Amino acid sequence: MMNAVAQSPKLRLHGYAVSNYFNVAHAALLESGANFEIVERRASQDAEFLRISPMGKIPVLETTQGWIAETVAILGYIEDCYPGLSPTDPFLRARERQLINLVQVYIELPMRSLYPGVFMGSTNTSAAIDAARQTLDRSTAALRSLAQPQPYLAGRTVGQADLFTFYCLDLAERVSRHVYDRSLLHELGLNEWAQLMTQRQSSKIVLDAFAQAFSAYLMDKKATYSVRSSDQDMSRLPPELPSVRG
Ligand SMILES: N[C@@H](CCC(=O)N[C@@H](CS)C(=O)NCC(=O)O)C(=O)O
């Protein structure tokens with residue numbers, strides 16, 4: 001593995017640490033032992049950025065063959081180049097993707113729809129708050145039955161589903177507490193799992209970068225949300241424990 005890593009061409013992950021999607025990809029690169037560097041970059045609708053990321057979103061991964069946008073595609077590429085974070089069994093791999101898709105579409109996106117009133121100094125309409133709650137009610141029930149940590153979501157070792165769920169739930173938890181006074185981690189029975197995830201070396205790197213970038217972002221946006229108002233942010237759970245894989 002060490003030789004393969006040393007010989008493989010360097011990947012460049014473009015984006016920045018306020019983005020949960022960027023943080024998923026960053027953590028996957030760290031956990032996989034990939035040869036990579038970070039290029040700090042904001043999302044943009046400029047023509048130049050749209051050429052590399054057609055929706056103008058971050059993260060985007062630069063490879064020797066070209067650019068890959070969309071986190072799920074980036075995760076697939078990382079796994080193909082540096083196998084080990086996803087199950088090899090087709091059924092188990094499909095179940096991993098099922099979980100990732102559920103988190104993205106039915107938890108991350110509805111909570112994201114409320115970012116304006118929480119993180120961006122704007123307001124959320126009661127219709128938006130109600131619509132997101134309805135989706136959340138269904139998706140938390142679904143995720144509760146699908147996500148049974150043992151101690152990780154796919155079994156004894158950390159996997160891509162853990163990384164995806166962890167960074168998406170970090171922001172979703174902040175939104176649901178702020179808007180609904182509701183802890184998703186508690187409802188999902190994922191508090192212990194979140195503690196375990198926080199203790200990984202990759203999480204320490206990614207969450208440290210997030211904490212710095214996020215405070216500056218909130219100030220810039222004059223957000224109603226304050227980091228201090230949350231007592232259970234993942235970036236504030238106790239750090240440390242060695243090992244990246246395992
Ligand atoms: N489906 C995309 C979502 C990425 C995404 O929403 N990124 C946010 C930052 S967390 C972004 O670039 N937002 C800017 C925009 O939507 O214009 C993915 O999986 O990568």
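**K222**

I started with K222, which sits in the segment after α11 (201-221). I keep in mind that this is a predicted model. Phi of K222 is positive, about 50°, although K222 is not a glycine. Is K222 buried or exposed? I found 9 C-beta neighbours inside 10 Å, so K222 counts as exposed, the limit for that class being 12 or fewer.

**D181**

Next I went to D181, in the loop between α8 and α9 (184-188). Here, too, I read a positive phi in a residue other than glycine, near 55°. D181 has 7 C-beta neighbours inside 10 Å and therefore counts as exposed.

**Cis peptide bonds**

I was curious because most peptide bonds are trans. The bond from Q150 to P151 is cis, and I noted an omega near -5°. I placed P151 in the loop between α7 (126-146) and α8 (160-180).

The bond from I58 to P59 is cis as well, with omega near 5°. Where is P59? I found P59 in the loop between α3 (47-52) and β3 (60-63).

**T63**

I counted 14 other C-beta atoms within 10 Å of T63, so T63 is partly exposed. Which residues does T63 touch once its neighbours within four places in sequence are left aside? My list holds L11 and I68. I also looked at T63 and K10, which are 53 residues apart along the chain. Their C-alpha atoms are separated by 7.5 Å.

**The ligand shell**

Last, I looked at what surrounds the ligand. I wrote down S19, N20 and Y21, then A43, then G56, K57 and I58, and finally E70, T71 and V72. Two elements, α2 (20-32) and α4 (71-81), each give two or more residues to this shell. I was pleased to meet I58 again: this residue of the shell is also the one whose bond to P59 is cis.

How does the shell around the ligand divide by class? I have four nonpolar, four polar and two charged residues in my notes.

**Kept for the next page**

Methods
Residues are numbered from 1 along each chain as its sequence is written. This is a predicted model: local features need pLDDT of at least 70, side-chain atom pairs count only at pLDDT 80 or more; totals for chains, interfaces and linings use all residues. A residue is near a molecule or strand if its C-beta atom, placed from the backbone, lies within 6 Å of it. Helices (H or I, at least four residues) and strands (E, at least two) are DSSP runs, numbered from the N terminus. Ala, Val, Leu, Ile, Met, Phe, Trp, Tyr, Cys and Pro count as nonpolar, Asp, Glu, Lys and Arg as charged, and the others, Gly among them, as polar. A residue is buried if 20 or more other C-beta atoms lie within 10 Å of its own, exposed if 12 or fewer, and partly exposed in between; C-beta atoms are placed from the backbone. Two residues are in contact if their C-beta atoms, placed from the backbone, lie within 7 Å.
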